[in-house]
Amino acid sequence: MSYQKILVGIDGSKQSDMAFDKAVETARQNNSELFLLSVINGGKIPNGGPNGYGFIDRGIYQPAIDAMKKKLAEYEQKAKQAGIESVTTEVEVGNAKLELAENYPSKNDIDLIVIGATGLNVVGRLIVGSTAAYTIREAPCDVTVVKTDKNNRKVDLKKNSYPEI
């Protein structure tokens with residue numbers, strides 16, 4: 001069995017760097033297409049409109065979108081240097097869990113999702129939720145959660161993850 005379309009969730013963290021490295025190697029071995037997706041969490045935000053609640057101008061996300069597009073262009077270049085011929089990059093605004101685990105894979109016939117493990121503590125996972133756990137549970141395809149570097153060495157996730165909450 002081989003994977004033809006591999007999706008990597010990129011959020012700028014050390015874990016997503018590790019996931020990218022593993023996905024590139026998997027794509028190289030399988031001669032696969034590689035999809036790099038970054039999701040900026042966004043949706044309804046309270047505003048000063050007559051109803052007090054509505055959609056805010058999506059332009060507020062533009063600096064984050066521009067920064068992630070630049071980062072994804074760097075990843076794309078690295079992937080192509082590693083021999084991956086087909087690399088697609090995309091930045092979306094929405095619910096990161098839904099986009100990464102369900103919407104994007106279904107729209108693009110993804111057959112493998114590669115994501116990094118998070119280092120959030122128990123309280124943080126309860127408040128924020130685990131994107132990795134949600135993806136494992138809801139994705140329509142195989143999911144690889146990366147906890148080691150490209151040489152398969154264990155990484156201290158507490159030192160290389162989000163701050164403790």
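**View 1. Strands 1 and 2 side by side.** In this predicted model, strand 1 (residues 5-9) and strand 2 run parallel, and 5 bridges join the pair.

**View 2. From strand 1 to strand 2 by way of a helix.** Here we bring in helix 1, which covers residues 14-30. Together with strands 1 and 2, helix 1 makes a β-α-β unit, and a right-handed one.

**View 3. Strand 2 meets strand 3.** Strand 3 (residues 87-94) also runs parallel to strand 2, with 8 bridges joining them. Look for Phe-35, which stands opposite Thr-88 of strand 3. Strand 2 itself, residues 33-41, is mostly covered, and 7 of its 9 residues count as buried.

**View 4. Glu-76 and its contacts.** Now over to helix 2, residues 62-81, where Glu-76 lies. Which residues does Glu-76 touch, once neighbours within four places in sequence are left aside? The contacts are Leu-36, Val-87 and Thr-89.

View 5. Ser-86 sits 10 residues away from Glu-76 in sequence, and the C-alpha to C-alpha separation of the two is 9.3 Å.

Methods:
Residues are numbered from 1 along each chain as its sequence is written. This is a predicted model: local features need pLDDT of at least 70, side-chain atom pairs count only at pLDDT 80 or more; totals for chains, interfaces and linings use all residues. Side-chain values use heavy atoms; hydrogens and water are left out. Helices (H or I, at least four residues) and strands (E, at least two) are DSSP runs, numbered from the N terminus. Contact means heavy atoms within 4.5 Å. Buried means under 20% relative accessible area, exposed over 50%, partly exposed in between (1.4 Å probe, protein chains only). Two strands pair if DSSP finds at least two bridges between them. A crossover is right-handed if, with the strands pointing away from the viewer, the path from the first strand over the helix to the second runs clockwise.
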